[in-house]
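Thanks, everyone, for making the time. I would like to walk through one model with you and to go slowly over the local details.

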Amino acid sequence: MADVDSYKINANSTSDFIIITSKDYYGALKDRLQKSDAVSTIFKSMKTISDKKNDGKDRNFMGLNITTRDDKKWYMPLPNNINEAFSQGWEDTNFNIAGGVVSKLVSGAGGGDSISRLAGSMSPMYFQTYQPNGARTFTFDFALLPNNTKEAEESIVGLIALKKYASGTKNGFVITPPSVFSIKFSNEKLDDLTRIGAFVIKDMSFTYGADGRMSTYRDGNIKSINVTMTVSEIQEKFFGDW
């Protein structure tokens with residue numbers, strides 16, 4: 001399969017489309033760390049990845065020689081469905097410490113079980129406390145229906161490349177992570193509503209054929225492929241990100 005900069009997956013026959021762009025994992029990690037106040041000072045003093053274009057050559061990252069990947073683009077039709085999982089880390093917390101304090105004082109002074117039980121049964125005062133609950137996840141459902149064998153061939157080549165970049169790389173005994181991705185919708189309203197940041201692909205599933213039968217063109221290219229992709233942003237969203 002020839003190495004190209006971009007791929008079209010059933011993107012010729014639709015006006016609504018998305019662009020998925022890959023970025024080398026270590027380049028994304030470098031960007032993330034440099035934006036963190038907690039580690040930026042230390043990180044900037046360390047030897048990091050070269051800022052030159054990713055060209056598949058070895059780079060040094062925190063003393064580890066790794067092989068970077070070229071950035072790629074995938075043009076795909078708008079998903080049939082987009083599911084956004086957005087949760088926050090709220091939990092019940094008992095702020096009524098009086099019961100616990102009295103119980104300890106009574107038991108320490110030998111006040112008897114009846115008083116201790118009374119102190120322990122004081123009504124709790126619950127309130128919701130907040131802890132950041134991690135990043136959002138999205139699930140995209142695509143129905144790929146190429147109009148001709150040329151589009152079908154382009155789709156197959158593009159899907160193979162997407163599988164490749166969503167997989168890790170084995171370098172001897174070291175396995176480096178897959179690429180990090182970003183997404184852009186041609187529909188500006190949808191782009192603004194979701195505001196999807198850089199993400200990793202956690203799961204992909206493929207259904208080849210439709211309605212219980214495999215339909216192909218004469219050259220063997222498949223006429224129908226359904227793709228379900230689950231992704232997770234690499235960092236959480238906060239108030240100022242909306």
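Let me begin with a term: by a contact I mean heavy atoms within 4.5 Å. With that in hand, take S179, which, leaving aside its neighbours within four places in sequence, is in contact with S22, K23, Y25, R69 and Y165. S179 lies in the loop between β11 (174–176) and β12 (180–185), where helices (H or I, at least four residues) and strands (E, at least two) are DSSP runs, numbered from the N terminus. Is S179 buried or exposed? At 2% relative accessibility S179 counts as buried, the classes being buried under 20% relative accessible area, exposed over 50%, and partly exposed in between, with a 1.4 Å probe and protein chains only.

What you see is a predicted model, in which local features need pLDDT of at least 70 and side-chain atom pairs count only at pLDDT 80 or more, while totals for chains, interfaces and linings use all residues. Residues are numbered from 1 along each chain as its sequence is written, and side-chain values use heavy atoms, with hydrogens and water left out.

The pLDDT, which is the predictor's confidence in each residue, from 0 to 100, averages 77 over the chain, and 68% of the residues score at least 70. Over residues 60–64 the pLDDT is below 50, and this stretch has 15 contacts in the model beyond near neighbours in sequence. Residues 99–107 also stay under 50, and for them the model has 10 contacts beyond four places in sequence.

Now the overall picture. The chain has six helices and 14 strands, and of its 242 residues 30% count as buried. Among contacts between residues at least 6 apart in sequence, 74% join residues at least 24 apart. The accessible surface comes to about 15,000 Å², of which 53% belongs to carbon and sulfur atoms; accessible areas come from the Shrake-Rupley method with a 1.4 Å probe, and for residues only the protein chains shown count as cover.

Let me turn to strand β14, residues 225–233, which pairs with strand β9 (residues 137–144) in the antiparallel sense over eight bridges. Two strands are said to pair if DSSP finds at least two bridges between them. In this pairing T139 stands opposite T230 in β14. Strand β13 (residues 199–208) also pairs with β14 in the antiparallel sense, over nine bridges, and there the bridge partner of M204 is M229.

What about charged pairs? Taking a salt bridge as a side-chain nitrogen of Lys or Arg within 4 Å of a carboxyl oxygen of Asp or Glu, the count comes to six. In one of them, the side chains of E84 and R136 meet at 2.6 Å, N to O. This pair links distant parts of the chain, with E84 in strand β6 (residues 81–85) and R136 in the loop between β8 and β9, 52 residues apart. The two ends sit in separate classes: E84 is partly exposed, with a relative accessible area of 32%, whereas R136 is buried, with a relative accessible area of 3%.

K150 forms a salt bridge with E154, the closest N and O atoms being 2.7 Å apart. Why are K150 and E154 separated by about one helical turn? Because they are four residues apart in helix α5, residues 149–165. K150 counts as exposed at 55% relative accessibility, and E154 is partly exposed at 22%.

A further salt bridge joins R195 to D192, with the closest N and O atoms 2.8 Å apart. Salt bridges that share partners also join E84, R136, E233 and K237 into one network.

Finally, the surface. W90, Y130 and F238 form a nonpolar patch there, with about 340 Å² of accessible area together. Patches are made of residues with over 30% relative accessible area and no salt bridge, where like charges are joined within 9 Å and nonpolar side chains (Val, Leu, Ile, Met, Phe, Trp, Tyr) within 5 Å. Of these residues, Y130 is in strand β8, residues 126–131, and counts as partly exposed at 34% relative accessibility.
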